Amino acid sequence: MTSTAPVKTEYEAVIGLETHCQLSTNTKIFSTSSTAFGGDPNTNIDPVCMGLPGVLPVLNEKVLEYAVKAGLALNCQIAKYSKFDRKQYFYPDLPKNYQISQYDLPIAEHGWLEIELVDADGNPMRKKIGITRLHMEEDAGKLVHAGSDRLSGSTYSLVDYNRAGVPLVEIVSEPDMRSGEEAAAYAEELRRIMRYLGVSDGNMQEGSLRCDVNISVRPVGQAKFGTKVEIKNMNSFNAIQRAIEYEIERQIAAIEAGDRIVQETRLWEEGSQRTISMRVKEGSSDYRYFPEPDLAPIEVSEEQLQEWRSQLPELPAQKRHRYESELELSAYDTRVLTEDRSVSEYFEATIAAGANAKQAANWITQDIAAYLNKQKLSITDLALTPINLAKTITLIEKGTISNKQAKDKLPDLLNGRSPDEVFKGEEKISDATILEPIVDQVIAANPKELEKYKSGKTSLKGFFVGQVLKQTGGRADPKLTNELVETKLNG
């Protein structure tokens with residue numbers, strides 16, 4: 001959850017995002033080449049993705065399935081009939097000199113997703129962001145510019161076609177966002193949904209999720225949009241937010257100076273924390289779209305649609321609402337537990353095994369999360385099973401062991417040892433007839449401290465309690481120990 005605030009009250013920003021998500025298929029959208037990341041340049045290629053004469057594309061069925069599931073998860077209307085189109089443009093990383101995409105009949109339209117924010121007073125709020133469309137397309141290759149991170153300033157460029165033909169869905173939002181915080185929250189929620197579905201890993205560092213921002217500013221109360229500028233080259237959610245904040249300030253300053261905002265594409269320059277002009281923005285007519293002649297139209301039957309709908313998991317927003325309403329967890333706990341599907345599955349398996357939900361949330365979001373972060377592991381790598389975590393929590397709830405004992409023995413549990421083994425002989429001593437002689441012994445062994453206590457230094461009660469805990473190896477029930485020590489000291 002993030003806070004949101006306008007940059008200047010007399011202007012408002014109008015923001016929409018175009019997000020490219022790489023689909024997690026093993027092979028490309030129209031051919032059998034691998035989509036694996038990190039291979040040697042120009043090794044995952046074939047005649048189809050290179051556009052050689054005499055070859056024909058064939059749609060990967062998994063791409064259609066993943067695109068439809070993504071559309072359903074984004075509350076879109078799924079087209080019963082859609083088609084592919086050729087988008088014409090000339091660039092070195094596009095081997096065919098056109099891209100196979102979808103233009104006027106996309107696979108999904110008219111959806112929405114919900115983001116969670118915090119208002120100026122710190123109160124949680126929710127906002128729906130509209131989804132204009134979701135369509136399938138193939139990726140282009142990648143240019144590597146020697147001596148610079150962009151074409152300008154490089155001495156020469158190399159092209160790697162491994163990404164050419166990798167399947168994408170492009171998701172276009174409505175211009176419903178008004179701040180960098182809202183845009184970053186939208187992009188984060190979109191990635192969560194794609195990951196929950198298992199249709200994309202959403203890894204921005206590898207280019208699996210790429211966001212372009214469309215942004216304009218206008219005086220508050222004006223219905224007409226300002227001139228739109230597109231920003232590219234953002235590789236993190238934080239960069240999206242910072243780029244938008246910079247661009248809002250740049251456009252406002254230009255308007256107030258009497259300058260004209262140019263419709264263009266700009267790049268976010270991470271080093272200087274600014275946007276710089278890249279090119280004048282093309283219009284759809286520049287691409288000369290026409291229906292792809294080598295691919296048949298797509299028809300999705302009602303039976304197939306219902307089957308894919310039935311396979312959708314519970315999505316992040318649904319889980320957050322359920323955890324807060326049914327399990328009475330805090331907003332913080334629900335956010336941490338639902339950030340990754342594997343974490344929420346671990347949590348739910350723990351409470352299914354009998355653990356108290358709040359205690360399970362505390363252990364997972366605090367001690368276990370700290371261990372995973374330090375070791376750079378995911379929860380699927382954890383040797384501590386949900387059943388054993390539930391057993392440990394139950395032992396604490398029953399008073400068999402203390403919370404401190406459990407935390408002290410956490411390294412053993414994290415290494416896969418069972419609670420029965422770890423806590424054997426470690427049970428908490430809650431029997432007064434066992435503890436009372438130990439308390440008497442501790443008091444008798446410390447006459448100077450007893451005399452000081454009798455003289456008014458009552459804080460020494462903690463010293464005697466600590467000595468009893470030390471004598472019992474931390475097994476003495478703290479509450480009962482406090483009561484016995486106080487009774488004996490004041491007797």
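These are my notebook entries on what I looked up in this structure.

**Entry 1: the whole chain**

I reminded myself to begin with that this is a predicted model. I then counted the secondary structure, and the protein chain comes to 16 helices and 17 strands. Is the chain a compact globule or more spread out? Its radius of gyration is 30 Å, while the globule rule gives 23 Å for 491 residues, so the chain is more spread out than a compact globule. I also looked up the box that the C-alpha atoms fill, and along the principal axes it is roughly 95 × 55 × 50 Å.

Next I checked burial, and 47% of the 491 residues are buried. For contacts with a separation of 6 or more, I noted that 70% are between residues 24 or more positions apart.

I went to β7, which runs over residues 108–118. How many of its eleven residues are buried? I got eight, so I wrote the strand down as mostly covered, with buried meaning under 20% relative accessible area.

Then I looked for the strands that pair with β7. One of them is β3, residues 77–78, which pairs with β7 in the antiparallel sense over two bridges. There, I78 has A108 of β7 as its bridge partner. Another is β8, residues 124–138, and this pairing with β7 is also antiparallel, over ten bridges. Along it I found G111 standing opposite I131 of β8.

My next stop was α2 (residues 180–197) and α5 (residues 316–325). At what angle do they pack? I noted about 95°, with the axes 9 Å apart. Angles of 65 to 115 degrees count as roughly perpendicular, so that is what I called α2 and α5.

I listed who meets whom: E189, R192, I193 and Y196 come from α2, and P316, A317, K319 and R320 come from α5. Sorted by type, the residues of this contact are four nonpolar and four charged, with no polar ones.

**Entry 2: T19**

Is T19 buried or exposed? Its relative accessible area is 0%, so T19 is buried. Leaving out residues up to four places away in sequence, I found that T19 touches V169, E170, I171, Y186, L190, L209, R210 and C211.

Terms used
Residues are numbered from 1 along each chain as its sequence is written. This is a predicted model: local features need pLDDT of at least 70, side-chain atom pairs count only at pLDDT 80 or more; totals for chains, interfaces and linings use all residues. Side-chain values use heavy atoms; hydrogens and water are left out. Buried means under 20% relative accessible area, exposed over 50%, partly exposed in between (1.4 Å probe, protein chains only). Helices (H or I, at least four residues) and strands (E, at least two) are DSSP runs, numbered from the N terminus. Two strands pair if DSSP finds at least two bridges between them. Axes are lines fitted to C-alpha atoms, for helices over the stretch in contact, and angles run from 0 to 180 degrees between N-to-C directions. Angles under 35 degrees count as roughly parallel, over 145 as roughly antiparallel, 65 to 115 as roughly perpendicular and the rest as oblique. Contact means heavy atoms within 4.5 Å. Ala, Val, Leu, Ile, Met, Phe, Trp, Tyr, Cys and Pro count as nonpolar, Asp, Glu, Lys and Arg as charged, and the others, Gly among them, as polar. The radius of gyration is taken over C-alpha atoms; the globule rule is 2.2 Å times the number of residues to the power 0.38.
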